[in-house]
Amino acid sequence: MPTGNMQATEPVEHRMDLQLHPKYLSQPKEGLQRMVKDQLMKYSSKLGGVPVRASKIVLDTQSGMIYEDQAAVHISAVIHFDVFRPQPSQFLLGVVKKVTPSHIGVLVNDHFSASVAITQLPDGFAYNDERQAFAFQGSEDNSIEVDTRIRFQVSVLETSTHGVISIIGSMLAPETGIVAAPAPPPAVHSKKRPASASSVQAPDEPVLSDMEQEEADVVKPKAKKAKKEKKKKKKSKS
């Protein structure tokens with residue numbers, strides 16, 4: 001089931017009459033969740049779209065009903081759905097998953113199929129059989145191929161008897177076109193723990209920075225040399 005933020009999705013509260021199987025009488029919550037799950041990712045005319053998730057299930061009654069010789073317990077509940085409801089003229093983002101000489105296949109929200117016919121592409125795009133892409137004349141960088149992100153406009157919504165929704169789109173509006181891929185997140189470098197003084201120098205010596213160490217390397221030999229010169233002068237006096 002899709003997760004995260006989804007475009008063209010609206011929250012909808014919907015009351016449903018459900019038939020709870022007797023095996024769930026001791027665990028009604030589990031039974032309700034299973035029944036609601038069966039409603040997901042299928043087009044519903046009552047909801048006007050495709051429910052992609054159920055965020056809350058609230059029982060509308062404190063008890064259920066058994067009718068005649070039916071074993072199921074009839075209960076009423078209010079379901080809080082998130083419904084995918086694209087509308088004609090709405091703009092959607094999608095990722096190209098298929099390119100043919102007649103159309104491009106697009107995936108919206110990582111689940112819903114859409115298609116844009118060649119007649120609905122802007123002027124200047126021509127199919128390149130070698131690259132299996134629609135390339136824009138005079139610019140090799142502007143091409144529609146697999147994994148290209150595009151913004152298109154919804155023209156028609158089609159639904160099948162199996163609850164599958166298909167989107168027919170167009171890229172003729174000026175607001176549509178190729179969308180640049182998002183920049184990758186910056187690399188996170190783990191900070192190295194500073195080495196302890198004992199691992200660098202003897203415990204009784206101060207820890208020096210690189211610059212101070214370079215200065216020390218230059219200064220210390222001069223100091224030793226000066227001491228030697230003093231010793232020589234003392235010897236000469238004696």
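A residue is classed as buried when its relative accessible area is under 20%, as exposed when that area is over 50%, and as partly exposed in between. The structure examined here is a predicted model. With a relative accessibility of 34%, E10 therefore falls into the partly exposed class.

The side chain of E10 takes part in a salt bridge with that of R85, at an N to O distance of 3.1 Å. Because E10 belongs to strand β1 (residues 9-20) and R85 to the loop between β3 (73-84) and β4 (91-99), this pair ties together parts that lie 75 residues apart in sequence. R85 is likewise assigned to the partly exposed class, its relative accessibility being 21%. In total, 5 salt bridges were counted in the model.

A further salt bridge joins R53 and D82, whose closest N and O atoms are 3.0 Å apart. Here R53 is situated in strand β2 (residues 50-59) and D82 in strand β3, so the contact ties together parts separated by 29 residues in sequence. R53 counts as buried because its relative accessibility is 17%. D82, at 16% relative accessibility, is also classed as buried.

R131 and E145 form another of the salt bridges through their side chains, with an N to O distance of 3.4 Å. This pair links distant parts of the chain, 14 residues apart: R131 is found in the loop between β7 (125-128) and β8 (133-136), and E145 in the loop between β9 (139-144) and β10 (149-159). R131 has a relative accessible area of 35% and is therefore partly exposed. For E145 the corresponding value is 31% relative accessibility, which means that this residue, too, counts as partly exposed.

The greatest contribution to the lining of the largest pocket comes from α1, which provides 6 residues. Classified by residue type, the lining of the largest pocket consists of 8 nonpolar, 1 polar and 2 charged residues.

Terms used
Residues numbered from 1 in each chain as written. Predicted model: local features only at pLDDT ≥ 70, side-chain atom pairs only at ≥ 80, totals over all residues. Heavy atoms only, no water. Salt bridge = Lys/Arg side-chain N within 4 Å of Asp/Glu carboxyl O. Helix = DSSP H or I, 4+ residues; strand = E, 2+ residues; numbered from the N terminus. Buried < 20%, exposed > 50% of the residue type's maximum accessible area, 1.4 Å probe, protein only. Nonpolar A, V, L, I, M, F, W, Y, C, P; charged D, E, K, R; others polar.
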